[in-house]
Amino acid sequence: MLKSILSLLLLTGFSFALYSQEKISQTFKDTRVINSHSVETLPKRKLDVRISHRFGDFAGDNGGYKTFFGLENATDILFGVDYGVTDRFTIGLHRTKGAGSMPDGSSGLRQLLNGVGKFRLLHQTSDNRVPVSMTLVGVASLSTAEKIDDNPDIIRSFPKFAHRMATHAELLIARKFSDGFSLQLIPGFTQRNLVPFEDENGIFSLGLATRVQLTKVMALVADVTFPFSERRTTENGFYTPLGVGLEFDTGGHVFQFNVTNATALMETDYIPYTTSNWSAGQFRLGFTISRLFNL
Amino acid sequence: MKAIFSTFSILILCTLMAWRWPVAEKAVGTKEKTALLTKESRLAEVLEQLGDAPSPNEVNTEMDMVSAKTGEELVTLGFGRGPGGFKTSRQSKHFVCTSCHNIEKEDPDLSISDPQARLLYVKDKGLPFLQGTSLYGAVNRTQFYNGDYSKKYGSLVEAARNNIREAIQLCAEECAQGRSLHEWEIESVLAYLWTIDLKMGDLVMDGNEWSRVEQALEGQGDKGMAIELLKEKYLAGSPATFVTPPADRKEGYPMVGNAENGKLIYELSCLHCHEDGRYAFYRLDDSRFSFKHLDKHFSRYTRYSVYQVARYGTSPLNGKRAYMPNYTLEKMSNQQMEDLRAYVVQMKK
C-alpha cells in the first residue's frame, strides 16, 4: 500500500516536472473540431458562448432545391456555454434539439440538456518530453422531452428517469506535428440507458480528427468517428459520421463552416444514431460560432 | 501530566500570538533614517534630509487594512485581501497592472526617455518592453498622464495629472477597464509602490556629483543645489507624445528597419500580450502564419495593422473590453516601428 502511494507521489512529481517545460499551444484553435471535441480546454475564467447549427440534407430525397439544399430545415441546433474553471478543467452546459434516429425512423433522445466536463491530463511540450496532449472528456445528456406513457416501444416512454439519460466518455490524444498540422485520436465509450429493441446500450468508438492551418485565420478541419458495433453497419442502415470544415479564427471569435453527414451535435447522439449517407446526398451544411469572454 | 498540559497550552498561546491575519498587517514600506549616503539610500529620504518638501505621495497608515502585501497582490495578480482576509473581487477581468507596466527599473538613465536605450536595457534585464511607464519609482514622480494623454482621456486626466491616487484610480477604471479601487486598496497600492521607490544607486551620477550631495547632507554644501541636482537625474513625469501612422503606410516611416532590433520588439513587446492569448484574444507566435498575417495587414487600415494599432491603439467595446493601448513616441519610436516591420518581412519568408 505504502509502495503504491509512494509511486503515485513520484509519478505526480514527475508529471509536474514535465509541466515546467514549454507547452505547445493551440493544437486546435477551438474546443471542438466539427462533431468531436478537441484536446483544447479553455483558459481559466474564459467563457465560451457557442451556437451550432446543422441544416437538413443537402441533396437526396429530402434535400435539393425543394428545401433550398437543406437550408430551410434544421436537424439539430446547439446553444450553450463552456467555462474555464482552471486552465486544465472546463465545464459546459448546452441545449440541443436532438437529432439522432434509427434507420427505421424511430428517434433517439430529444430536447437534450448536455453537461460537459473536460480535464487536461497532459500538455505536449516543445522538447518532446511530452509528445502528445491528452484530455479526458465526459458528456452527460438528459432528455427533457415529454414522456409518452402509452407506447412502451419508443424511447420516449421513459419507464425510469434514468432512461432519459445517455453518457459518453472519451480520451483525446493529440499531437501538433508542426505549426500547420495537428492530429487527434479519440477512443471513446457511449452508454445509452434505454435503446430501441435489440440495440446495444454500450458502444465503443474510435475517432480521428485533424487540423491543417491554411493561413493565420483560416484552417481546414475534419473528423470521423467509427462506432465498434456489429449492428452499426451500412447494411443495417448506419453510416460513419464524417465532417469537413473551414474554420476562421478572428481573435476571440471562431467561426466554422462545415459539411457533415451527422445530423446530431452531441456525442451521445451522433455516435449511435448516424444514419445519413454521404453518397446519397444526405450530408448537410452546418456552422458553429464560438465567442470568448473574460469573466 | 500537568507539565505536559501547561507546555501544550503555552505552545498554543505562542502560536496564536505569532499568528497574524493578513489584513491586520500594515506592512507599509518603512522609512528609516539614512545614516550615510549609499546606493541603497532611498531618494525620497535623501531629498527630505536635504530640506525638500515631503512627498505628497505618503501612505495614509491610519487607514484600516492598508498593506504593502495587498498592494503587491493588486498590482501583480489583480486582487487583494479584504475584510476577514478573503480575496477581493478581481479589479479587472482583462488586465493586471503588470500587463502594461514593469515593476523594475526599465531605463538605464532615468533623466531621459529613450525607447531604444530602454529596449536594450529591458532585454538585458529579462523584462518586457511595454506601453506603460514602469511603476518602479512611480512614487518619486509628481506628474502623471502627461502630454497627449488628455487627447485620449479628456478631462479625466485633470485630476490625475498631479495626484498619484487619482492616477491609480484612473488607471484602474480606464486603462484596466475594471472596477474602482476602494480607498484602502489605493493606499495599499501606494504602500507597495513605496517598496519599489527610487534608490540613490538608480540615478546616473558621477563622483563629483555624488560628493556634492554627500557634502550637502553633512551640512557643508548648498542643499538647494543638491536637491536641484538630484531632481535633474530623474523625470518627474513620463512624457507622452501621440503620433500617427506614416502618411503612406506602404512606404512606412522614412527609415530603414533593422530586423534584429525588430525581433527584440516582437518578442519583448508583441508576444508579451499576444502569446498564447495572455492578455489579448488575437494570438501571435513564431509561426510563419503569424508573420504573413502581420505583413499582409501592415500597410492596411485594419485592426490587424501594426501601424494602426500601435499608434492609435484599439478601443474597449462592450463584450470585448480587452483593448490594446497605443504606443507613444517615447515608448516606441518610428525607427522601432520600421525595425519591427523589417523583422516581420524577414520572418514571413
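## Chain A: overall form

Of the 295 residues of chain A, 41% are classed as buried, where buried means 20 or more other C-beta atoms within 10 Å of the residue's own, exposed means 12 or fewer, partly exposed lies in between, and C-beta atoms are placed from the backbone. The model is predicted: local features need pLDDT of at least 70, side-chain atom pairs count only at pLDDT 80 or more, and totals for chains, interfaces and linings use all residues. Residues are numbered from 1 along each chain as its sequence is written, while chains are lettered from A and ligands numbered from 1 in the order in which they are written.

Chain A holds 2 helices and 12 strands; helices (H or I, at least four residues) and strands (E, at least two) are DSSP runs numbered from the N terminus. Their order along the sequence is α-β-β-β-β-β-β-β-β-β-β-β-α-β. Chain A has a radius of gyration of 20 Å, close to the 19 Å that the globule rule gives for 295 residues, so chain A is as compact as a globular protein of that length. The radius is taken over C-alpha atoms, and the rule is 2.2 Å times the number of residues to the power 0.38. Along the principal axes, the C-alpha atoms of chain A fill a box of roughly 60 × 50 × 40 Å. Among the contacts in chain A with a separation of 6 or more, 60% join residues 24 or more positions apart; a contact requires the C-beta atoms of two residues, placed from the backbone, to lie within 7 Å.

## Strand pairing in chain A

Strand 1 (46–57) of chain A pairs with strand 2 (residues 74–84) of chain A in the antiparallel sense, over 9 bridges. Pairing requires that DSSP finds at least two bridges between the strands. Arg54(A) is placed opposite Asp76(A) in strand 2 of chain A.

Strand 2 of chain A also pairs with strand 3 (residues 89–96) of chain A, antiparallel, over 7 bridges. These two strands form a hairpin with 4 residues between them. Here Tyr83(A) stands opposite Ile91(A) in strand 3 of chain A. As background, side chains in a regular strand alternate between the two faces of the sheet.

Glu40(A) sits in the loop between helix 1 (2–19) and strand 1 of chain A. Glu40(A) is buried, with 22 other C-beta atoms within 10 Å. Leaving aside neighbours within four places in sequence, Glu40(A) is in contact with Thr27(A), Phe28(A), Asp30(A) and Thr31(A). Glu40(A) and Thr135(A) are 95 residues apart in sequence, and their C-alpha atoms are 7.7 Å apart in space.

Gln26(A) also lies in the loop between helix 1 and strand 1 of chain A. Gln26(A) is partly exposed, since 18 other C-beta atoms are within 10 Å. The phi of Gln26(A) is near 55°, a positive value in a residue other than glycine.

## Two methionines in chain B

Met65(B) is found in the loop between helix 2 (43–49) and helix 3 (68–76) of chain B. Met65(B) counts as buried, with 21 C-beta neighbours inside 10 Å. Its phi is positive, about 70°, although Met65(B) is not a glycine.

Met205(B) lies in the loop between helix 9 (183–193) and helix 10 (207–217) of chain B. Met205(B) is partly exposed, with 17 other C-beta atoms within 10 Å. Not counting residues up to four places away in sequence, Met205(B) touches Trp210(B) and Lys233(B). The C-alpha atoms of Met205(B) and Ser290(B), 85 residues apart along the chain, are separated by 44 Å.

## Contact between the chains

The contact between the chains takes 16 residues from chain B and 14 residues from chain A. The side of chain B that touches chain A divides into 4 nonpolar, 6 polar and 6 charged residues.

Methods. Nonpolar A, V, L, I, M, F, W, Y, C, P; charged D, E, K, R; others polar.
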